[in-house]
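User: I would like to go through this model and ask, for each label, what it rests on. Please set the values against the criteria as we go.

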Amino acid sequence: MINNATKWEISPANSGFDLKLKETWEYRDLLGLLVKRDFVSFYKQTIFGPLWFLIQPVFTTIIFTFVFGNLAGISTDGLPQPLFYMAGITAWGYFAECLTKTSTVFKDNANIFGKVYFPRLIMPLSIVVSNLVKFGIQFALFLVIMVYYGGKEADFEPNRYVLLFPVLIFLMAAQGLGLGMLISAMTTKYRDLAFLVSFGVQLLMYATTVIYPLSIATEKYQQFSWIIEYNPMTMIIETFRYGFLGAGSFSWESLGYTTLASFIIMLLGIVVFNKVEKNFVDTV
Amino acid sequence: MSEIAIKAENVSKAYQLGEIGTGTISRDLERWWAKIRGKEDPYLRIGETNDRAQKGSSDIVWSLKDITFEINQGDAVGIIGRNGAGKSTLLKILSKVTSPTTGTISGKGRIASLLEVGTGFHPELTGRENIFLNGAILGMRKREITRKFDEIVDFAGVERYIDTPVKRYSSGMYVRLAFAVAAHLESEILIVDEVLAVGDAEFQRKCLGKMEDVSKGEGRTVLFVSHNMASIKALCNRGILLSQGTITSYGDIDTVVNEYSELPFSINPRKRTGTDNVRTSCIKFYNSAKSTISGNDLLFNNHHIIDLYLEVKEQCKDVSIALCFNNLSNQRVTSLWSKFNGELFTLTPGLQKLEFDIPKIRLIPGCYEVIIYIESKGQVLELIYNYTEVTISMPSDTASLESPQQITGYFVEDFKNKLVYDN
C-alpha cells in the first residue's frame, strides 16, 4: 500500500487553469452520496415527501395563466395556456434553482470546507444533479398535463426536436452552474452579490421567454428584442417548447450560439471557482 | 523506515487582520497593479511576528513563518504550542483546507485529516447513511466503506441505533460514530487535531489505542495536536514545538515537551503587582534526592522540594507566602500557603530562600500556572501571575490514562481504602 503511494505537493494558490477534473472524478461516490443526502433530507418527516416538488410549479402555472394569460392577454403562440407556462416554468425553474443554490455554495458549506479537503467542484456538481431529481419530478407532471391536453385534442404536436431534450438539460445545467460558481466565488469576499442573486434571477426571468413567446417579443419591441434573443436561456426554453409542443422559434444557428455561450460560462465559472477555492476559508 | 513522508520547505501563511470586505476592492486593485508591474504585494510586509498580545503596525499577521521540517514515514509526531502558535494553521495547510502564502510541502501517500469529528454529518440522516457520507467526504470510496462498515459500527458501539437519525443520538454516541469512521480510513498519513477531548474515558482510551495501532502497528505516519501532554507523550515519538509561528524545537518528544513547559503562559502574560520591598528572584524545583529538575516536570505522588528565592529590601514582619496553581482553564486548583499552616515569617534585607517541602504532590498530570503571592497583615507585597509553569506527569510505572480528569478532578486526596467486614 505504501510503496505505490501517490506523491503530492501543496503550494501557494495556483492560477486556476488546472480544472482538477481527474481528482473530481475520483470523488464521484461522494457526489452520489451528497445527492442522496439532499433528496432524503428534503422529505424526511414529511407526509407527501417528493410530492412537495410539484406544489410550486402547479401554483405558479395557475397564477401565470390567470395574470398573464387572462388578465394581460399575452399570446401563447396558440398553445393551451397552462401547457405553455408549465413548459417555461419547469425549464426555467431548473436553471434558476441551479443558479441560486450554487451561488451560495461557499457560504453554505463553509463549515465543511474549513475542515476537510475534497475537490470543491463536487459541491456545485451535486447541487446540479440534486436539482435534476426535482426537475425530473416536475417534468413528469408536465408530461401528464401534456397527455391530458392531448386527450382533449388541443392544438399542439411534439416533433423530432424532442430528441434535443438531454442537450437542453445539459446546457441549462452548464449555465446555472457556471453563473452560480462565478457569483459564489465573488461572494466569498464581496457579500453584496448575494443580495443581487435572488431578485436578479427574477428580473432575468422576464428577459427570458417564460411568460411570452419569442415571436411576440421580436414583433412588439424590435429595438430591445436583442436582449431576449442573445440571452442564452431564451433559446433553450424556445427549443424545449418547440420540441415538445411544436410551437416557438428554433434554428440551429441560435442553438449553436447558446451551446457556445453555455460552455464559456461554465468554463469561466470553474476557473474562477478553483482559483478562489484554495484560500476562501480565510476570507469567508 | 527512514523514508520521508512529509517535507515542508519555508512554509509561511499570512492572515489579514481586521475587517475583510470594506475597502477590499481598492486594495485588490492595488495588489493586482503591483503584480502586473512585477512588484511585491504591498500589503504583505515581512517582519511582523504573530504575537497576539502586541499591537502590530500592519494589518497582516504571519501565522506561520518559514517553517521547514521533514517527517519520516512511520513517525508519530506531536505538535505542541500555545494557543495561537500556528498549530491549527499548519494542520489546515497540511490537510489542504487552505494553501500556504509561500513555500511548498511535498509528500507521499494519502492524507486523512481529522480537524473535527463528524464533519458533514447530516442530522436527519441515519447512522448508516452518515457513515457513508462522512466516509466519502473524508475520501473513501463506497466499496471501501462497505467493506469496513461492520468494523466501524463495532468500534463506535452504536449497533442498536444504526438506523436512527443521528439527531437523536447522544452527543457521546455522535462523536464515537464520527471518530470511528475517520479511524478506519486507509491512509498513509493521519492528521488529528485535539478531537479526543470528547467522549468518555473508555472511548478516549480506545481512540488513543487505535491511533497507536495506526502509527506503531501499521507503520503509518501520524500528526497529532493536543494540549494534553500525557497523551502526546504516550502516543508520539517525535515532537514539534511551535511558538509565534516558528518551530522552536523539533526532536525527541520528551525534550520537546520539557521545552514547552518552560515557555511562559501566554494566556495570562506575566503580570506583577505589589510593593518594591520584596521581589521574587527565582524558583527552583527539586526531587526527593535534592537534584534539580529540568523543565519543571514534576512527578505525581512523588516527594518534591520547591525553593523560592526572594530579594528583600526592608524588613517585613508577619509575612505569609503562597505558591498557587492554576490549571489551563485558569481555575485555581490548589495552593501552598504558609498562612494556612499558621506560619508567618519575618523577612530581613538580603536574598532569602524559602523552602516548600511537599511529601506527595497530588495534582493530576497536566500543565499548571504558578502564581506567587506574598502578603503581610493583609497588604499585598507581591503578586505575580504566571510566574512559571509546571508540568505534572505520571511516574512511568503507572498508566496515566487510567485516570481521566472527568472522574478525578484536578486534585486527588491521598487516601487508602479497604473492605471492612463487620463480623
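Analyst: To begin with the two chains of this predicted model, 30 residues of chain A are in contact with 37 residues of chain B. Strand 1 (7-10), helix 2 (28-43) and helix 14 (280-283) of chain A each supply at least two residues of the side that touches chain B, and the largest share, six residues, comes from helix 2 of chain A. By class, that side of chain A has 14 nonpolar, six polar and 10 charged residues.

User: What makes strand 1 of chain A and strand 4 of chain B a pair?

Analyst: Two strands pair if DSSP finds at least two bridges between them; four bridges join strand 1 of chain A to strand 4 (residues 102-108) of chain B, and the two run antiparallel. One of the residues involved is K7(A), whose bridge partner in strand 4 of chain B is K108(B).

User: Why is helix 5 of chain B called largely enclosed?

Analyst: A residue is buried if 20 or more other C-beta atoms lie within 10 Å of its own, and 11 of the 13 residues of helix 5 of chain B are buried, so this helix is largely enclosed by the rest of the structure. Among them are M173(B), Y174(B), R176(B) and F179(B).

How values were computed. Residues are numbered from 1 along each chain as its sequence is written. Chains are lettered from A and ligands numbered from 1 in the order in which they are written. This is a predicted model: local features need pLDDT of at least 70, side-chain atom pairs count only at pLDDT 80 or more; totals for chains, interfaces and linings use all residues. A residue is buried if 20 or more other C-beta atoms lie within 10 Å of its own, exposed if 12 or fewer, and partly exposed in between; C-beta atoms are placed from the backbone. Two residues are in contact if their C-beta atoms, placed from the backbone, lie within 7 Å. Ala, Val, Leu, Ile, Met, Phe, Trp, Tyr, Cys and Pro count as nonpolar, Asp, Glu, Lys and Arg as charged, and the others, Gly among them, as polar.
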